[in-house]
Amino acid sequence: MSSDLMSQFYAALNLPVLEKVIELTKILDQAGPSKDFQALFPQLVNNIFASPNNNGWGLRQITCEQNKYEFEALMSFLEPHGPLFRMCYKLLFDPQLKYNLPLSMLPFELQIILERGGRCPQFYSDMLTLDSNSLNVVALALNPFDYYIFNFAIHLTNNNQNKSSWEIWNSVYFALACDYLTHFLPTDPNTCVLPVIPHYNGKVPLVAPLQSVNRPLGSPSLLLVPDLSGISNQHPSSQNQSRNEIWRSETVLQVFIDIWMSVEQFNSRNIEMYQRNYPAIFSSPERVRLVRVVIKHIYSYSAKYNSDPAVRSSALRKYAKQIMCTRAYQYVKHLVSTWPLDASFRLVMELWLSLIQPWRYTNNNVSRDRHNINQNQDEGTSANLDPSYIQFIAENFPSYTYILQLVLPRFMRLDLSTYKNAVMLFRLGKVFSQQHLMPILLNLEKAITDNVTGLYTPETSFNNSNLDQSYTYNGISLHKWVSIAKQAISELNMMTTFEYDPIWSENKKPLYVELVKKMISAKHVSEKFVEEYRSKYNRENHGFWGSIKQWFMINNNDEDRMILEESEKVPVYLNHCINYFTNIFMVNDNMMLAEADVIDNSFEHSSFANSNNFSFSIAQKLRSKPTGLHYMGDPDLMPIMSYENTILVRLLYQLATKLNELYCDEFVTLWNRQDFWGYAAREVLQKPITIQTYMKDVTNHQNIVSKDLPPRLSFRRFGSNIFVVWLTIGYIFFRLLSYNGLFYILFLIMSVLMIVLTKASLKMCKIIKS
């Protein structure tokens with residue numbers, strides 16, 4: 001690369017994103033695999049994934065909706081056939097070219113695995129770089145393609161980048177991740193990854209058997225599969241050629257799973273080291289969504305592994321589901337245990353429900369996630385659960401039962417009469433009420449706890465006709481799956497002291513009875529709310545007063561209609577939930593209190609006693625009268641109401657904030673004065689208050705933090721639609737009297753001054769109360 005081209009390269013890195021992509025495309029297409037560009041390639045990759053404050057490209061902030069041209073330019077540059085990957089493939093002409101990735105950049109859990117060596121997956125066998133003195137693993141030696149994929153995956157878990165907003169649902173990063181999965185892990189076994197690069201032979205052939213990450217060395221493993229070539233007993237050259245056909249798929253698969261599903265486990269030995277080297281890592285909403293996309297796509301990818309054993313990727317397709325399920329179980333268990341107790345848990349629960357339903361994704365289409373189609377909806381099933389999935393259920397038994405036991409207590413602490421919580425509970429009940437699922441889980445657990453080879457036949461529920469004393473289900477013997485389920489419990493939890501707590505044991509019955517009673521109570525609360533809100537809606541949005549509100553543009557009809565529609569669905573969802581969970585946990589009428597007692601207690605003694613005073617949106621909660629809800633934050637930062645002008649409220653807030661910053665001390669002095677000007681200032685300024693906000697500490701716990709606000713200006717009252725209407729009417733009236741706009745403004749200012757000074761005088765003279 002000439003010095004002129006190098007100077008263009010460095011100059012391009014400092015341009016805005018759109019110009020940067022255009023210039024770098026020209027440079028990369030002109031450059032060849034020269035020594036100069038070999039040195040510049042890691043600088044380009046590091047620049048792409050730097051934080052936006054350090055001239056990074058902002059892949060997780062740019063969306064198609066907000067920055068269409070930048071989004072399309074970045075997608076074109078970084079897509080699997082784009083300029084960056086074309087440069088990667090040029091650099092692969094030198095199979096000895098390696099870039100070091102420091103071990104400290106990897107998740108802590110993966111660092112430990114690589115340092116121990118014995119449990120290290122064979123994928124990393126030819127990547128480890130040892131320190132010459134201590135012989136410890138210090139870095140990974142990666143070819144250009146692997147170096148980019150590692151940096152791409154790490155970008156999602158990087159603490160400096162982990163401030164993804166809930167509003168960003170389709171960033172460049174998310175779209176690229178979906179495209180990489182589709183391209184490098186094609187669901188069609190007959191589709192090869194393009195472009196074909198037969199000249200590259202830099203990968204060491206893998207030998208059988210492969211062992212999954214996180215499996216104890218001393219125990220037998222279910223996850224032993226043939227070498228990734230798909231053909232055993234061949235010459236090394238043939239094996240190497242076979243692996244070279246699939247190594248890019250192998251990289252994307254292993255790296256996305258190992259990095260995105262990493263879980264930081266704390267104990268007395270590593271907590272100090274972790275705190276010293278790493279800030280706390282929390283999963284962003286974007287990361288949870290991407291892990292779910294990976295799970296669904298791998299189920300579709302691995303479903304085709306036995307379609308043609310001669311296909312080179314057949315072993316990799318089988319291996320994909322095995323290692324994914326192991327890592328995903330640990331990741332989901334961590335999320336369920338640490339996620340905040342709010343409606344955002346729906347994101348985690350949908351991830352878990354995807355993990356335990358592979359039959360839904362045998363023909364999964366990533367484009368649905370890529371383009372945000374039908375998100376968080378009950379997706380249509382591409383296949384139904386049938387007895388052929390007994391092996392999968394047994395191999396992943398804790399993913400069903402153990403995580404369910406972690407999830408259920410959350411609903412005991414939630415207000416089930418709210419729409420979002422009712423939907424979550426409905427989704428959970430609907431999934432576990434699928435045909436075949438509960439009989440299989442119930443009988444496997446009974447056989448495990450009884451420590452016998454036979455299976456238990458319940459006397460109630462779940463198609464008893466299909467279960468008989470021969471211990472078969474739909475004609476399929478379940479004997480051999482009991483030992484596999486036992487092994488899954490011990491291997492997935494990886495603790496010698498772990499004891500499985502049966503979910504259908506008698507000591508759990510009181511919890512399930514209480515949960516069902518809570519659903520019944522919430523159902524009656526929601527029904528009463530619907531009745532009251534419907535009458536209120538009809539009263540406020542129809543007739544004479546509804547016409548007056550519409551005339552003055554203070555009608556919040558759309559929001560009210562949405563609240564009413566959602567609230568009407570809640571009793572329906574809860575009714576389904578009652579049916580689902582009484583069947584799932586075999587709760588009969590004898591275990592339940594009389595329904596009348598439940599109704600009586602629901603309003604006086606349950607946690608829903610005041611639920612009928614709460615609506616389903618913050619704005620509606622703050623409008624409702626009477627209400628037990630009090631806004632504790634900054635009054636100027638209250639959610640914008642439907643009767644307010646959004647643009648005007650924000651502009652007035654910016655103006656007030658700037659004035660408060662400039663004259664804060666003067667406002668405090670004026671407020672504390674006891675003369676006439678002090679009284680006048682107290683008519684204009686807002687009184688000092690103490691606000692409370694929730695702040696997360698490093699342990700992800702929310703603490704209430706108090707803050708004192710001094711006397712200050714606030715223009716929020718001037719942001720309402722009714723104020724704008726009357727202001728406009730006044731202006732029209734003055735124009736009809738032949739007065740110009742300047743006179744109207746002076747009249748308004750003089751009127752406000754007269755009111756303020758008059759009230760200040762009356763209060764100073766004690767004629768009216770302060």
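Here is a short chat about a predicted model of a protein chain.

Reader: Let's start with the big picture: how many helices and strands does the protein chain have?
Author: This is a predicted model, so keep that in mind throughout. Going by its secondary structure, the protein chain comes to 29 helices and seven strands.

Reader: And what share of the residues in the chain is buried?
Author: The chain has 770 residues. Buried means under 20% relative accessible area. Counted that way, the buried share is 49%.

Reader: Among contacts between residues at least 6 apart in sequence, what percentage joins residues at least 24 apart?
Author: Here a contact means heavy atoms within 4.5 Å. Take the contacts in the chain between residues at least 6 apart, and the part joining residues at least 24 apart is 74%.

Reader: Can you show me two residues and tell me how far apart the C-alpha atoms of I390 and L441 are?
Author: I390 sits in helix α15, which covers residues 390-395. With a relative accessible area of 1%, I390 is under the 20% cut-off and therefore buried. Along the chain, I390 and L441 are 51 residues apart, and their C-alpha atoms are separated by 9.2 Å.

Reader: What about V513 and T582, what separates their C-alpha atoms?
Author: V513 belongs to helix α20, residues 509-541. Its relative accessible area is 11%, so V513 counts as buried too. V513 and T582 are 69 residues apart along the chain, and the separation of their C-alpha atoms is 8.4 Å.

Reader: Is helix α13 mostly covered or uncovered, and how many of its residues are buried?
Author: Helix α13 runs over residues 345-355 and is mostly covered. Its buried residues include F345, R346, E350 and W352. The count of buried residues in α13 is eleven of eleven.

Reader: Which helices do the buried residues of α13 pack against?
Author: Packing here rests on contacts, that is, heavy atoms within 4.5 Å. On that basis, the partners of the buried residues of α13 are α11 (285-302), α12 (314-338), α15, α16 (397-412) and α17 (419-432).

Reader: How are the rings of F256 and W260 arranged?
Author: The structure holds 47 aromatic pairs. F256 and W260 form one of them, 4.2 Å centre to centre with 20° between the planes. Planes under 30 degrees apart count as stacked, so this pair is stacked.

Reader: Where do F256 and W260 lie relative to each other in helix α9?
Author: F256 is buried at 1% relative accessibility, and W260 is buried at 0%. Helix α9 spans residues 236-260, and F256 and W260 are four residues apart in it, so their separation is about one helical turn.

Reader: Turning to the second largest pocket, which residues are closest to its centre?
Author: The second largest pocket holds about 810 Å³ of space. It is lined by 19 residues, and the closest to its centre are F718, L748, V752, L753 and V756.

Reader: Which helix gives the most to the lining of that second largest pocket?
Author: The lining divides into 14 nonpolar, two polar and three charged residues. α27 (676-684), α28 (721-736) and α29 (741-764) each supply at least two residues of the lining. With ten residues, the one that gives the most is α29.

Reader: Last one: how many disulfides does a search of the whole structure find?
Author: A disulfide needs two cysteine sulfur atoms within 2.5 Å. As for cysteines, C577 is buried at 0% relative accessible area, while C192 is partly exposed at 47%. Across the whole structure, the number of disulfides found is zero.

Technical notes
Residues are numbered from 1 along each chain as its sequence is written. This is a predicted model: local features need pLDDT of at least 70, side-chain atom pairs count only at pLDDT 80 or more; totals for chains, interfaces and linings use all residues. Side-chain values use heavy atoms; hydrogens and water are left out. Buried means under 20% relative accessible area, exposed over 50%, partly exposed in between (1.4 Å probe, protein chains only). On a 1 Å grid over the protein atoms alone, a cavity is a set of points where a 1.4 Å probe fits but cannot get out, and a pocket is an open set with protein on both sides within 12 Å along at least five of seven lines; lining residues have an atom within 4 Å of a point. Grid points are joined across faces, edges and corners, and a volume is the space filled by probe spheres set on the points. Ala, Val, Leu, Ile, Met, Phe, Trp, Tyr, Cys and Pro count as nonpolar, Asp, Glu, Lys and Arg as charged, and the others, Gly among them, as polar. Rings of Phe, Tyr and Trp (its six-membered ring) pair if their centres lie within 6.5 Å; planes under 30 degrees apart count as stacked, over 60 as edge-to-face and the rest as tilted.
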